Amino acid sequence: MEYPKLRSFITLARTLHFARAAAEVGLTQPALSQHIQSLELSWGVRLFERNKRQVSLTVEGQLLLEEAERTVQRLDNLRATVKEVAAGSRGLLRLGYVGTAVLEPLLVRALRSFRSQFPAIRLEPMEYNVNQQIGLLQSGELDAGILRGPLPDFRFIACREIHQTALSAVIPDDHPRAGDKQISLRELAGETLIVQQDPDGVGLGGTVLRMYTETGLVPAKIVRARDVNTAIDLTAMGMGITCIPASQRNFLRQDVVALDITGTDITTSLYLCWKEGRKNSDMMHFIKNTQSLFMPSVSEKKQPA
């Protein structure tokens with residue numbers, strides 16, 4: 001399927017006038033007619049009804065027009081991007097992140113720093129859960145991902161721990177302990193625990209449950225929430241308590257309180273992940289820049305093939 005023929009189809013569909021359409025695309029009327037006839041023959045449908053007085057789209061032409069417009073737009077975008085990349089004026093970095101990551105002040109600093117140092121590289125951040133990010137990294141649809149550990153071993157994925165922070169307990173502001181600055185994990189064991197729906201042993205939910213397990217404690221009840229924000233909302237309603245990274249305490253709603261947790265040294269970590277062996281200069285710039293702002297001393301954790 002040729003780009004000029006699609007443009008001829010779209011222009012004639014908009015103008016419904018062969019002379020005007022031919023002028024717009026820079027063709028003679030016979031050449032425009034040949035484009036339309038070629039598409040009709042190739043697709044096996046009639047696109048236009050035409051007589052001496054008027055031109056109109058057929059039902060089939062109307063159904064195919066929207067897809068043809070989308071295809072031309074994608075081709076136009078591709079052509080523009082190719083020219084910019086070839087001229088060295090633009091790159092692209094597709095970055096995934098988990099919801100809790102974007103609230104980390106250091107990550108915001110890293111993204112701002114990257115955009116400031118590499119303005120020609122277009123950054124496309126998008127929120128995905130852990131499983132979605134790993135699949136997109138393995139398929140090459142993401143260049144890098146920010147995931148919250150703990151993480152299992154993933155084939156062909158390299159990860160570097162870039163940030164650690166303690167956990168804080170979040171309780172309703174009418175809780176008997178709301179005026180305190182800290183609470184022991186043993187005291188929390190009698191509460192309903194609200195955790196986000198991470199895969200077993202993975203992410204923030206996995207960290208919180210491991211904290212209980214390693215200290216031999218069991219929550220009175222466990223409630224699963226869609227994400228950490230929902231868990232905080234349920235906590236505000238008095239449905240239980242939840243845990244968040246301590247670095248995110250400044251972003252809480254007004255009707256909940258965050259307390260330090262005593263009796264445990266469990267922390268939650270962010271990981272920067274990418275596909276092993278992938279040669280992408282924009283990605284490597286991002287990795288190097290992010291590591292310089294976070295934890296450059298932490299060694300890389302490579303996943304077995």
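Mentor: Residues are numbered from 1 along each chain as its sequence is written. In this predicted model, local features need pLDDT of at least 70, side-chain atom pairs count only at pLDDT 80 or more, and totals for chains, interfaces and linings use all residues, while side-chain values use heavy atoms, with hydrogens and water left out.

Trainee: How many of the 13 residues of helix 1 are buried?

Mentor: Helices (H or I, at least four residues) and strands (E, at least two) are DSSP runs, numbered from the N terminus. Buried means under 20% relative accessible area, exposed means over 50%, and partly exposed is in between (1.4 Å probe, protein chains only). Among the buried residues of helix 1 are Tyr3, Leu6, Phe9 and Ile10. Helix 1 is largely enclosed by the rest of the structure, because the number of its buried residues is 10.

Trainee: Which residue caps the N-terminal end of helix 9?

Mentor: A polar contact is a pair of N or O atoms within 3.5 Å; within protein, one must be able to donate a hydrogen and the other to accept it, and residues adjacent in sequence count only if both atoms are side-chain atoms. At this end of helix 9, a side-chain oxygen lies 3.3 Å from the backbone nitrogen of asparagine 229. That oxygen belongs to aspartate 227.

Trainee: What does aspartate 233 form a salt bridge with?

Mentor: A salt bridge is a side-chain nitrogen of Lys or Arg within 4 Å of a carboxyl oxygen of Asp or Glu. Here the closest N and O atoms are 2.8 Å apart. Aspartate 233 lies in helix 9 and its partner in the loop between strand 10 and strand 11, so the pair ties together parts that are 20 residues apart in sequence. Aspartate 233 is partly exposed at 30%, as is its partner at 36%, which is arginine 253.

Trainee: Which residue meets arginine 249 in a salt bridge?

Mentor: The N to O distance is 2.6 Å. Arginine 249 lies in the loop between strand 10 and strand 11, and its partner, 11 residues apart from it, lies in strand 11. Arginine 249 is partly exposed at 27%; its partner is aspartate 260.

Trainee: Which side chain makes a polar contact with the side chain of threonine 268?

Mentor: Threonine 268 lies in strand 12 and is buried, at 1% relative accessibility. Contact means heavy atoms within 4.5 Å; leaving aside neighbours within four places in sequence, the residues in contact with threonine 268 include His163, Leu204 and Pro245. The polar contact, at 3.0 Å, is with arginine 148.
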